[in-house]
Amino acid sequence: QVQLVESGGGLVQAGDSLRLSCAASGGTFSRNAMGWFRQAPGKEREFVAAITWSGGITYYTDSVKGRFTISRDNARNTAYLQMNSLKPEDTAIYYCAGVQTSFGGKRYEKSSTYDYWGQGTQVTVSS
């Protein structure tokens with residue numbers, strides 16, 4: 001059973017940066033497409049970013065393009081989300097998620113595509 005553990009969240013001011021990490025264990029990480037989602041209080045979970053198993057292709061929701069960067073280190077079984085120029089509206093619990101194989105024809109922006117989920121890490125951005 002694949003386990004995902006996020007870290008790196010915290011309380012920052014608007015304009016600051018954070019890097020989230022997602023450490024994977026119990027599976028073959030290098031074969032898993034990965035994604036990051038977030039859920040703000042009172043809102044539905046939303047897609048943030050995704051990356052193919054090789055790291056060659058990345059996807060972002062429009063609101064984070066140019067500010068967030070998803071990456072992965074298959075040798076370390078870890079995925080990352082570098083978040084720059086943070087805004088108060090980025091405040092949410094951030095979850096990493098993994099797909100058992102590649103995205104294939106699946107919708108990378110839909111949570112139902114993902115087979116594994118971490119427990120989440122809180123990111124709070126003050127104005």
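Which side chain meets that of D73 in a salt bridge? The legends below, for close-up views of a predicted model, begin with that pair.

**View 1. The salt bridge between D73 and R76.** R76 is the partner of D73, with an N to O distance of 3.3 Å between the side chains. D73 counts as partly exposed because its relative accessibility is 23%. R76 has a relative accessible area of 61%, so this residue is exposed. The salt bridge is one of six found in a search of the whole structure.

**View 2. D90 and its two arginine partners.** The side chain of D90 forms a salt bridge with that of R38, at 2.9 Å from N to O. This pair links distant parts of the chain: R38 belongs to strand β4 (residues 34-39), D90 to the loop between β8 (78-83) and β9 (92-98), and the two are 52 residues apart. Both R38 and D90 are buried. A salt bridge also joins the side chains of D90 and R67, at 2.8 Å from N to O. R67 sits in the loop between β6 (58-60) and β7 (68-73), and D90 in the loop between β8 and β9, so this contact ties together parts 23 residues apart in sequence. R67 is buried, as is D90. In general, side chains of opposite charge can pair when their charged atoms come close.

**View 3. The network around D90.** Salt bridges with shared partners join R38, E46, R67 and D90 into one network.

**View 4. Strand β8 between its partners β3 and β7.** Strand β3 (residues 18-25) runs antiparallel to β8, and six bridges join the two. In this pairing, S21 stands opposite Y80 of β8. β7 is also antiparallel to β8, again with six bridges. Here T69 has Q82 in β8 as its bridge partner. Five of the six residues of β8 are buried, which means that the strand is largely enclosed by the rest of the structure. In a regular strand, side chains alternate between the two faces of the sheet.

**View 5. The turn of the β7-β8 hairpin.** Four residues separate β7 from β8 in this hairpin, and N77 lies in the turn. N77 is not a glycine, yet has a positive phi of about 55°. Most residues other than glycine have a negative phi. With a relative accessible area of 30%, N77 is partly exposed.

View 6. S85 is placed in the loop between β8 and β9. Phi of S85 is near 50°, a positive value in a residue other than glycine. The relative accessible area of S85 is 40%, so this residue is partly exposed. D90 lies in the loop between β8 and β9 as well.

View 7. The structure holds one cavity of 30 Å³ or more. The volume of the largest cavity is about 30 Å³. Its lining consists of V2, A24, S25, G26, G27, T28, F29, N32 and N77. By class, three of the lining residues are nonpolar and six are polar, with no charged residues. N77, one of the lining residues, is located in the loop between β7 and β8. Rolling a probe the size of a water molecule over the atoms shows where empty space is left.

Technical notes: Residues are numbered from 1 along each chain as its sequence is written. This is a predicted model: local features need pLDDT of at least 70, side-chain atom pairs count only at pLDDT 80 or more; totals for chains, interfaces and linings use all residues. Side-chain values use heavy atoms; hydrogens and water are left out. A salt bridge is a side-chain nitrogen of Lys or Arg within 4 Å of a carboxyl oxygen of Asp or Glu. Buried means under 20% relative accessible area, exposed over 50%, partly exposed in between (1.4 Å probe, protein chains only). Two strands pair if DSSP finds at least two bridges between them. On a 1 Å grid over the protein atoms alone, a cavity is a set of points where a 1.4 Å probe fits but cannot get out, and a pocket is an open set with protein on both sides within 12 Å along at least five of seven lines; lining residues have an atom within 4 Å of a point. Grid points are joined across faces, edges and corners, and a volume is the space filled by probe spheres set on the points. Ala, Val, Leu, Ile, Met, Phe, Trp, Tyr, Cys and Pro count as nonpolar, Asp, Glu, Lys and Arg as charged, and the others, Gly among them, as polar.
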